[in-house]
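I opened this structure today and kept short notes. Each entry records one thing I looked up.

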Amino acid sequence: MRTFFQEFKQYGNLFVELVRKGIKLKYRRSYLGIIWSMAEPLLTMIVLTVVFGTLLGHDGKDFPVYILAGRLIYTLFSQSTTNALKSIRTNQGMIKKVYVPKYLYPLSGIAYNYVLFLISLVVLFAVSISLRVYPTLYMLFAVVPLFVLFVLSVGVGLILATAGVFFRDLEYLWNVALMLVMYTCAIFYYPDAILTSRVGWILKYNPLFCIISNFRSCVFGEMPDMGMLAYASLFALVSVIVGGFVFAKKQNDFILYI
Amino acid sequence: MNSIITLTDVGMRFNLSREKVDSVKEYFIKRIKRELSFNEFWALRDISFAVEKGDRVGILGLNGAGKSTLMKVIAGVFKPTTGTVEKQGVIAPMIELGAGFDMQYTGAENIFLYGAVLGHSRKFMEEKYDEIVTFSELSEFIDVPLKNYSSGMRARLGFAIATAVSPDILILDEVLSVGDAKFKKKSEKKIRDMMDMGITVLFVSHNMDQVRRICNKAVILERGRLIKYGDMEETVSVYEGMTR
């Protein structure tokens, strides 16, 4: 454990450089550049609002805020885990030639998505204000579900990164799994009717739904559901322990398979 | 004894599965049919030797003798199947061209990236930046993405970075064979300067003249085993006898 921290200190700069590289390369040669991190969620929000708000009749003036908050969190989770899943393979050029602690690759992939997420929060803020959802003190509490989400992404990301080295099809399987996660997250519908029905557990046992629901409470200035928070935290903790263990155990074999 | 690298009974085994299994479906089909056989292959076997600080060791051997695998084990890329590798100080590995480079990144950005790979801070690399650009003679192309570089240019940049950060151990795996004659001369001079400062060099090359000029010791590998380790002149002449 001590060498772990020593190593992290030595390679801290590499971690920053890898995050920086991701952001720099993502928007290279695009005219709007980093603005896309704000424009893309805004445009998606408009589409979803038109489809699910206007056409399917979810009225409510703050429905766009509801959608945007949910989708930002879901995108963060799906992008960072997908990124972590592919991280070993995309960095194989480096892995094959120099020694670098391997957890830096999935970790920097996740951190990079967090930075993009923080940038896109500007949009959430702007849309909220313009639709008169004003920030309250609960907004400060949002760091808690966001931290739980980070731990969850790292845990799931490490498991996927490890398995992804040995089984390439996982990339496609995970895409399908993410679709299931998305539909059980109540991103573009109100979950109340489902939650009170017999199949409510499908949502309740989805840790990402719990995190999204907590985050939304903070945005709309309500008290977050502590039961959901506890469940999501526990899930995240277990995943990060399992992920760290699996990754540490298998990381020396990566090079033989990529 | 002042050993900077110590290898004890190092062995490296690879599983050369006859067909690569990397999908879930294949894995289960093969598992049911009991076709998951592995061909074991020892790329290195029972390698033990110590390198002292300031030594320049030439690594000799035919293609497939395990030279690059040995360098990767020492650099920490491979974890040896058996035995241990102990090393002190910062290693700058130059294994193949452009280790740790990103092809989308420009030359300038790669300087900072590769510096970080070697464990240096951004500030430290900023101090070394001019030196690296001047030595690599790439100032005109420094803002061009690396994918547009020729292999010689990449090698020059890699060599310039690896030597500018004054590592304790420099691993050169057939890197000097890429540049043109002028750059070869220049980089040999650079290595000799660093030798005066006490750097340790592991040098893989098929060019015996270069080995003679740079090294003071040499190792011969044959099919993954160490068959000779000793004084450079003596070892090189044994090796030349083998290849004749």
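**Entry 1: chain B as a whole.** I note at the start that this is a predicted model. I counted the elements of chain B and found 8 helices and 9 strands. I then looked up its extent. The C-alpha atoms of chain B fill a box of roughly 60 × 50 × 35 Å along the principal axes. Next came the radius of gyration, which is 20 Å for chain B. A compact globule with 244 residues would have a value near 18 Å, so the two agree. I also checked burial: 52% of the 244 residues in chain B are buried. Last, I took the contacts in chain B with a separation of 6 or more. Of these, 71% join residues 24 or more positions apart.

**Entry 2: the sheet.** In what order do the strands of the open sheet in chain B run? I read 5-6-7-3-8-9, a sheet of 6 strands with mixed pairing. Its edges are strand 5 (91-95) and strand 9 (225-231) of chain B, and each of them pairs on one side only. From one strand to the next, the twist averages 15°.

Strand 5 of chain B pairs with strand 6 (residues 169-173) of chain B in the parallel sense, over 5 bridges. I picked out B:Met94 and looked for its partner in strand 6 of chain B, which is B:Leu172.

**Entry 3: a covered helix.** How many residues of helix 3 (residues 107-117) of chain B are buried? I got 11 of its 11 residues. Among them are B:Glu109, B:Asn110, B:Phe112 and B:Tyr114. I then asked what covers them. From chain B, the cover includes strand 5, helix 4 (122-136) and helix 5 (151-164). Chain A takes part too, with helix 2 (12-26) and helix 5 (92-95). After helix 3 of chain B comes B:Gly119, and its phi is positive, near 90°.

**Entry 4: aromatic rings.** I searched the whole structure and got 21 aromatic pairs over all chains. One of them is A:Tyr66 with A:Tyr190, a tilted pair at 4.6 Å centre to centre with 50° between the planes. This pair links distant parts of the chain, 124 residues apart. A:Tyr66 is in helix 4 (residues 63-90) of chain A, while A:Tyr190 is in the loop between helix 9 (170-183) and helix 10 (192-196) of chain A.

Is A:Tyr66 buried or exposed? A:Tyr66 counts as buried because its relative accessibility is 8%, under the 20% cut-off. A:Tyr190 has a relative accessible area of 30%, so I noted A:Tyr190 as partly exposed.

I looked up a second pair, A:Phe247 with A:Phe254. These rings are edge-to-face, 5.3 Å centre to centre and 75° between the planes. Both A:Phe247 and A:Phe254 are buried. I also noted one aromatic cluster formed by A:Phe52, A:Tyr183, A:Phe188 and A:Tyr189.

**Entry 5: charges over rings.** I finished with two cases in chain B. The charged end of B:Lys186 sits over the ring of B:Phe135, 4.7 Å from its centre. B:Arg156 lies over the face of B:Phe183, at 5.9 Å from the ring centre.

Methods: Residues are numbered from 1 along each chain as its sequence is written. Chains are lettered from A and ligands numbered from 1 in the order in which they are written. This is a predicted model: local features need pLDDT of at least 70, side-chain atom pairs count only at pLDDT 80 or more; totals for chains, interfaces and linings use all residues. Side-chain values use heavy atoms; hydrogens and water are left out. Two strands pair if DSSP finds at least two bridges between them. Helices (H or I, at least four residues) and strands (E, at least two) are DSSP runs, numbered from the N terminus. Axes are lines fitted to C-alpha atoms, for helices over the stretch in contact, and angles run from 0 to 180 degrees between N-to-C directions. Rings of Phe, Tyr and Trp (its six-membered ring) pair if their centres lie within 6.5 Å; planes under 30 degrees apart count as stacked, over 60 as edge-to-face and the rest as tilted. Buried means under 20% relative accessible area, exposed over 50%, partly exposed in between (1.4 Å probe, protein chains only). A charge sits over a ring if NZ of Lys or CZ of Arg is within 6 Å of the ring centre and within 35 degrees of the ring normal. The radius of gyration is taken over C-alpha atoms; the globule rule is 2.2 Å times the number of residues to the power 0.38. Contact means heavy atoms within 4.5 Å.
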